[in-house]
Amino acid sequence: MSPAGWVRILPFAVFMLFIAIQQGLGSLFEHGYASLDERHLLYLYPLKIIVVLLLLLLFRRHYTEIHLSDLGRWQTTLLSLVLGLLVFVLWVNMDWTFATFGEGAGFDPSVFPVGWHRAGMIFARLAGAAIVVPFMEELFWRSFLLRYIIRSDFESVRIGTYSLASFVIGALLFGFEHHLVLAGVMAGAFYSLLLYRTKSLMQCIFCHGVTNLALGIYVLYVKAWQFW
């Protein structure tokens, strides 16, 4: 694997490693092998976001496919905004039991006392989901994996190049990354279609961020913690 591949894989891999650690510790806690307060596990989320953010900043010069100026194309950005909201609406209506994989842990901020502590955890969730996660995931899924499936020398493949195999495999794998599998497949497919339409990874990052921010606001408003 080339260095260009690793700088797009590593932030995602670290993110997934944190999830595995949290699940492992949670299992130990449930079976009585660990005496820590269950709330302590929730601190892994802000730690995870900070570590991934630092990696993204460290490697930022390698991410030449990200162009903030793409957001200046207001018609395309409007499309990304609408699509991001559509994915959010579909997501919260696709929480069917048969379409899930594993157990969704969720996050209920009320386990923390009212005040700066709870506010800080909520902010970490919102900022992580709406900013850090879209950059990290789009760099891995839409920039690296979709192109790598087409050709191992993925840098020689233009951003937004379509192939049926990469589209289907990418959407399926994106789905199985999430607890709501079919919702994840739907989101992965829409983000890839946006990439094919715009040839802009930044538009995908923006669209993904809109979805996650809308979902976070919805979760807080209706207290649907299972979506977190």
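These legends describe close-up views of a predicted model. Local features need pLDDT of at least 70 and side-chain atom pairs count only at pLDDT 80 or more, while totals for chains, interfaces and linings use all residues. Residues are numbered from 1 along each chain as its sequence is written, and side-chain values use heavy atoms, with hydrogens and water left out.

**View 1**
Helices are DSSP runs of H or I, at least four residues, numbered from the N terminus. Helix 3 has 19 residues, which at 1.5 Å a residue should span 27 Å. The expected span is 1.5 Å times one less than the number of residues. The end C-alpha atoms of helix 3 are 27 Å apart, which agrees. Its buried residues are T76, T77, S80, L83, G84, V87, F88, W91 and V92. They cover an arc of only 160° around the axis, which puts them on the same side of helix 3. The arc is taken from the directions from the helix axis to the C-beta atoms. Buried means under 20% relative accessible area, exposed over 50%, and partly exposed in between, with a 1.4 Å probe and protein chains only. W74 and Q75 are exposed on the other side of helix 3. The buried residues pack against helix 6 and helix 7; contact means heavy atoms within 4.5 Å.

Helix 5 covers residues 164-176. Its 13 residues should span 18 Å at 1.5 Å a residue; the end C-alpha atoms are 19 Å apart, which agrees. S166, F167, G170, A171, F174 and G175 are the buried residues of helix 5. They cover an arc of only 155° around the axis, so they sit on the same side of helix 5. An α-helix has 3.6 residues a turn, so residues three or four places apart point the same way. The buried residues of helix 5 pack against helix 4 (116-150), helix 6 (181-198) and helix 7 (201-222).

**View 1. The salt bridge between E65 and R8.**
The whole structure holds three salt bridges. Each is a side-chain nitrogen of Lys or Arg within 4 Å of a carboxyl oxygen of Asp or Glu. In one of them, the side chains of E65 and R8 meet at 2.8 Å, N to O. The pair links distant parts of the chain, 57 residues apart. E65 lies in the loop between helix 2 (44-58) and helix 3 (74-92), and R8 in helix 1 (residues 3-30). E65 counts as buried at 10% relative accessibility. R8 is buried too, with a relative accessible area of 5%.

D70 and R73 meet through their side chains at 3.7 Å, N to O. D70 counts as buried at 11% relative accessibility, whereas R73 counts as partly exposed at 38%. R142 pairs with E138, their closest N and O atoms being 2.8 Å apart. R142 and E138 are four residues apart in helix 4, which means a separation of about one helical turn. Both residues are buried.

**View 2. The second largest pocket.**
About 180 Å³ of space lies in the second largest pocket. A pocket is an open set of points on a 1 Å grid over the protein atoms alone, where a 1.4 Å probe fits, with protein on both sides within 12 Å along at least five of seven lines; lining residues have an atom within 4 Å of a point. Grid points are joined across faces, edges and corners, and the volume is the space filled by probe spheres set on the points. The lining includes Y63, I66, L68 and F135. Helix 2 and helix 4 each supply at least two lining residues. Helix 4 gives the largest share, four residues.
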